[in-house]
Amino acid sequence: MTDSGRAEAPTAPGNFNLPNLITVVRILLAPVFFWLLLADSGADGVLRWIAAALFILAIATDGVDGAIARRKGLVTDLGKILDPIADKLLTSGALVCLSILGELWWWVTIVIVVREVGITVWRMVELSRGNVVPAGRGGKLKTIAQAVAISFALAPTWTVVGDWVFWLNWVLMGIALVLTVWSGLDYLWAAHRLRRRAGQQS
């Protein structure tokens with residue numbers, strides 16, 4: 001309380017905090033991951049395993065930084081911008097690398113990357129206007145499906161369990177693709193509702 005008896009406004013958290021630091025580390029790990037994956041042309045060797053492990057570790061922290069920020073009251077506008085950038089950089093970059101290596105059809109990569117970049121840019125524009133567009137249930141399922149599908153595609157498990165795992169990898173990637181398109185359409189519907197609401201208020 002101040003001397004006048006009024007409660008002081010809560011101080012906004014600074015940008016230099018643990019959740020944002022974790023997010024920045026994820027962004028910095030992305031080029032290292034790309035190099036490891038492409039360095040030996042995707043051969044099923046040590047570098048491929050390290051690249052897969054690095055991706056899994058980096059993508060796993062996607063929920064960690066957000067959980068810490070919410071629990072500790074460290075949610076910042078910078079974090080809201082950097083977090084989706086780190087997520088999309090890792091997933092989209094991994095898909096592009098897999099296509100470069102000839103392990104994933106380019107049209108699958110293009111559909112997913114265009115959806116990811118487009119929706120992320122739209123959400124940032126809405127955030128700049130003061131409209132927070134939360135991730136829906138479809139978006140969360142999509143993120144999990146992408147992380148699982150890409151992790152399986154990256155790890156050369158076929159060298160251990162046999163070529164049948166390729167079928168599992170394609171099924172997982174198919175699920176991720178369907179959820180990506182579906183959640184993208186859901187966001188477009190949300191955009192339509194926002195525009196209609198804005199028109200009614202004007």
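Hello, everyone. Keep in mind that the model is predicted.

Let's start with a backbone angle. Most residues other than glycine have a negative phi. Now look at Ser-41. Ser-41 is not a glycine, yet its phi is positive, about 60°. Where does Ser-41 sit? Find the loop between α1 (18-38) and α2 (46-72); that is its place. Is Ser-41 buried or exposed? Its relative accessible area is 62%, so Ser-41 counts as exposed.

Next, the salt bridges. Side chains of opposite charge can pair when their charged atoms come close. How many salt bridges does the structure hold? Five.

Take Arg-48 and Glu-103. They form a salt bridge, and their closest N and O atoms are 2.8 Å apart. This pair links distant parts of the chain, 55 residues apart. Arg-48 belongs to helix α2. Glu-103 is in the loop between α3 (77-100) and α4 (106-128). Now check the exposure of each partner. Arg-48 has 0% relative accessibility, so Arg-48 is buried. Glu-103 has a relative accessible area of 29%, so Glu-103 is partly exposed.

On to Glu-116 and Lys-88. Their side chains meet in a salt bridge, at 3.7 Å from N to O. Glu-116 lies in helix α4 and Lys-88 in helix α3, so this pair ties together parts 28 residues apart in sequence. Glu-116 has a relative accessible area of 0%, so Glu-116 is buried. Lys-88 is at 13%, and buried means under 20%, so Lys-88 counts as buried too.

Glu-116 comes up again. Its side chain also meets that of Arg-115 in a salt bridge, at 2.9 Å from N to O. Both Arg-115 and Glu-116 are buried.

Last stop: the surface. There is a nonpolar patch of about 930 Å². Its residues include Trp-49, Ile-144, Phe-152, Trp-164 and Leu-168. Three helices, α5 (137-154), α6 (158-161) and α7 (165-201), each supply at least two residues of the patch. Which helix gives the most? α5, with three residues. Look at Ile-144, which is found in helix α5. Its relative accessibility is 53%, so Ile-144 counts as exposed.

To recap: Ser-41 has a positive phi, the structure holds five salt bridges, and the nonpolar surface patch is about 930 Å². Thank you.

Definitions and conventions. Residues numbered from 1 in each chain as written. Predicted model: local features only at pLDDT ≥ 70, side-chain atom pairs only at ≥ 80, totals over all residues. Heavy atoms only, no water. Helix = DSSP H or I, 4+ residues; strand = E, 2+ residues; numbered from the N terminus. Buried < 20%, exposed > 50% of the residue type's maximum accessible area, 1.4 Å probe, protein only. Salt bridge = Lys/Arg side-chain N within 4 Å of Asp/Glu carboxyl O. Patch = residues over 30% accessible without salt bridge, like charges linked within 9 Å, V, L, I, M, F, W, Y side chains within 5 Å. Areas by Shrake-Rupley, 256 points an atom, 1.4 Å probe, with all protein chains shown as cover.
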